[in-house]
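My entries follow in the order in which I checked them.

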Amino acid sequence: MGITTAKEAAYDPRVVAFGRMMGAANRLEYLLGRALETECGISHLMFEVLLIVGRAGEAGMSMRAIAQEQVLTTGGATRLVDRMTTLGLVVRTTDPEDRRVQLVRLTAKGEETTVRAALVHVENIQRLFLDPLPADHRERFAQDLRALSHSARDALPRLR
């Protein structure tokens, strides 16, 4: 299917579908992020980092792994973790197996903030993201999003 005019481009069903997905994602990101900021005092990106560091448990997670997981530069990840350290949410320690590597771990405050933010986030996800969808489509939708996420992740270049 060839596109020969701007109007055809604007109405191409693939372009329209992707635009709708991006519009929904941007609006949801704004709404969910504002709720986390208002109710928990953290940004959505901080919450995402709290979750991935929480998944790592006591072992902690390297700055490089945080950057890759969040598609940030290592400098961007460092600045974000610096802010989170200032807020008392995480601490940095040296990796006992490689002294050049800094590991990030949750503090007790980080753990408590993660749980509180997750409760707020889950309630808002249910209301704004899942409830508008037909109940019998939700599981398939989640599977499709997982496939898209993995495909996009695999297409990204790896950080060095």
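How many bridges join β2 to strand β3? I find 6 bridges between β2 and β3 (residues 98–106), and the two run antiparallel. I took strands as DSSP runs of E of at least two residues and helices as runs of H or I of at least four, numbered from the N terminus. Two strands pair if DSSP finds at least two bridges between them.

Before going on I noted the basis: this is a predicted model, local features need pLDDT of at least 70, side-chain atom pairs count only at pLDDT 80 or more, and totals for chains, interfaces and linings use all residues. Residues are numbered from 1 along each chain as its sequence is written, and side-chain values use heavy atoms, with hydrogens and water left out.

**Sheet.** I read the strand order as β1-β3-β2, an open sheet of 3 strands with antiparallel pairing. β1 (61–62) and β2 are the edge strands, each pairing on one side only. β1 and β3 pair over 2 bridges, and I found Leu103 in β3 as the bridge partner of Ser62. β2 and β3 form a hairpin with 2 residues between them.

**Asp95.** I placed Asp95 in strand β2 (residues 90–95), opposite Asp98 in β3. Is Asp95 buried or exposed? Asp95 is buried, that is, under 20% relative accessible area, where exposed is over 50% and partly exposed in between (1.4 Å probe, protein chains only). I found no salt bridge for Asp95; that would take a side-chain nitrogen of Lys or Arg within 4 Å of a carboxyl oxygen of Asp or Glu. The nearest side chain of opposite charge is Arg105, 6.9 Å away. A polar atom of the Asp95 side chain lies 2.8 Å from the backbone nitrogen of Glu97. Not counting residues up to four places away in sequence, Asp95 touches Val101 and Leu103, with contact meaning heavy atoms within 4.5 Å.

**Aromatic rings.** I searched the whole structure and got 1 aromatic pair. Phe129 and Phe141 form this pair, 5.7 Å centre to centre with 45° between the planes, which is tilted. Rings of Phe, Tyr and Trp (its six-membered ring) pair if their centres lie within 6.5 Å; planes under 30 degrees apart are stacked, over 60 edge-to-face, the rest tilted. Phe129 lies in helix α6 (residues 108–130) and Phe141 in helix α7 (residues 138–155), so the pair ties together parts 12 residues apart in sequence. Phe129 is partly exposed at 29% relative accessibility, and Phe141 is partly exposed at 30%.

Terms used
Lys, Arg positive; Asp, Glu negative; His and termini not counted. Polar contact = N/O pair within 3.5 Å; in protein donor to acceptor, adjacent residues only side chain to side chain.
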